[in-house]
Amino acid sequence: MFLYPLFVCLQGSDSELKAEKDGVSDTESKVDSGVPEVPVPPDDTPEVLNKALSGLSSRWKNWWVRGILTLAMISFFFFIIYLGPMVLMMIVLCVQIKCFHEIITIGYSVYHSYHLPWFRTLSWYFLLCVNYFFYGETVTDYFFTLVQREEPLRILSKYHRFISFALYLTGFCMFVLSLVKKHYRLQFYMFGWTHVTLLIVVTQSHLIIHNLFEGMIWFIVPISCVICNDIMAYMFGFFFGRTPLIKLSPKKTWEGFIGGFFATIVFCVMLSYVMAGYRYFVCPVEFNNDSNSFQVDCEPSELFQLQDYALPSILESVTGWTTVRLYPFQIHSIALSSFASIVGPFGGFFASGFKRAFKIKDFANTIPGHGGIMDRFDCQYLMATFVNVYIASFIRGPNPTKVIQQLLALRADQQLHIFNSLKAHLIEKGLLPDILYIPNNVC
């Protein structure tokens, strides 16, 4: 899955065009011969950089172009973080749309010669439908108070799933009506192409936003882990790489993979220590009724409070320390950085295989030296899913605030029934006396 400046996977889209031609066997060429080639985007490296780096070899020119653009994107990412979580959410949406556009454009480039009707129109329509469904679910889940306060939002929330289903059925019927004789199979291929793209891009970006609402630290640290791993793996591979790692990406090496692993763990533990001390990063995004605005302010949970941990005897003999003071989140960051270093790169390998299948170097040429936006986010979407599952499995517990909000939305008789059931349960547990006296003047 994929911030966007953050999604600076330096290693991600290594120049593989030459490897595509040299590394593909005759058998592969014959098998793929029926797949039309997607036009290769022209080199859009700024002319200033081309002139300044004209005396360098292509290898070192690529190094400098990547490095300069990477620093620019990281700087932009820091600026976006400063603007707050709602701006980050909008950036996620923009990146999602661009990634979808790049993948759909590849499909259109491959099959446009058949002049199939409505392919692009239906693809973008389904994107609209899926985003309406996911964002509606998110708003209702996280900002229930705001939804219940506004009449139009309350109506849309009540019938949200029915409206979403009706919108999708409209697109489905449009697709059936667009079927053309002798091209049925191809059109169903493209129908599947659109839906798989929606599954990979839209679903994962939705999970990224869920992670963001849990606290910006759950958004920034995982993304930073992937970026750090890509950059360090690229650098270790560039200077020390000798042993090829995987055929799908001929320039990836074991030296880069291992070096990136250790560098990422160290970086993410340090970054987590810095960020865990600020409420701005650790507090969930909530809607404040009093100020009528979104806010990031809370009393940090135990996860973000310093605690003493006893060191194993081996480390104690080396460091001379008996305990170390850490945030519990730093322990979790080791799991996040390990996934980003070991499993995360397989998102890049998957993207490399996809590009090989269609004989293209990059998804697009949006970012000079890096390719398209999707080339920067191939690892991020996989990471987003892991973080969401990790939070649900090991971090998130019942949220009393959300339960109370839902109770207040019920009818008076339903609230009274729940009150009596809860009172009976607490009396049975011995937490309340058998007779609960409530004065007449207390509501």
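1. Helix 12 passes helix 15 in a right-handed crossing. The model is a predicted one. The two elements span residues 254-275 and residues 328-342. They pack at an angle of about 150°, with axes 8 Å apart. Angles over 145 degrees count as roughly antiparallel, and helix 12 and helix 15 are therefore roughly antiparallel to each other.

2. The residues behind this contact deserve a look. Helix 12 contributes Phe257, Gly260, Phe261, Thr264, Ile265, Cys268, Val269, Ser272 and Tyr273. Helix 15 supplies Phe329, Gln330, Ser333, Ile334, Ser337, Ser338, Ser341 and Ile342. By class, that gives nine nonpolar and eight polar residues.

3. Backbone check, Lys182. Most residues other than glycine have a negative phi. For Lys182, phi is positive, near 75°. This lysine sits in the loop between helix 9 (160-178) and helix 10 (184-213). Its relative accessibility is 78%, so Lys182 counts as exposed.

4. Backbone check, Lys359. Here too phi is positive, at about 55°, and the residue is not a glycine. Lys359 belongs to the loop between helix 16 (345-357) and helix 17 (373-395). With 23% relative accessibility, Lys359 counts as partly exposed. The cut-off for buried is under 20%.

5. Overall picture. The chain contains 19 helices and six strands. It has 443 residues, of which 42% count as buried. Its accessible surface comes to about 24,100 Å². Carbon and sulfur atoms account for 67% of that surface.

Notes
Residues are numbered from 1 along each chain as its sequence is written. This is a predicted model: local features need pLDDT of at least 70, side-chain atom pairs count only at pLDDT 80 or more; totals for chains, interfaces and linings use all residues. Side-chain values use heavy atoms; hydrogens and water are left out. Helices (H or I, at least four residues) and strands (E, at least two) are DSSP runs, numbered from the N terminus. Buried means under 20% relative accessible area, exposed over 50%, partly exposed in between (1.4 Å probe, protein chains only). Accessible areas come from the Shrake-Rupley method with a 1.4 Å probe; for residues, only the protein chains shown count as cover. Axes are lines fitted to C-alpha atoms, for helices over the stretch in contact, and angles run from 0 to 180 degrees between N-to-C directions. Angles under 35 degrees count as roughly parallel, over 145 as roughly antiparallel, 65 to 115 as roughly perpendicular and the rest as oblique. A crossing is left-handed if the near helix is turned anticlockwise from the far one by less than a right angle, and right-handed if clockwise. Contact means heavy atoms within 4.5 Å. Ala, Val, Leu, Ile, Met, Phe, Trp, Tyr, Cys and Pro count as nonpolar, Asp, Glu, Lys and Arg as charged, and the others, Gly among them, as polar.
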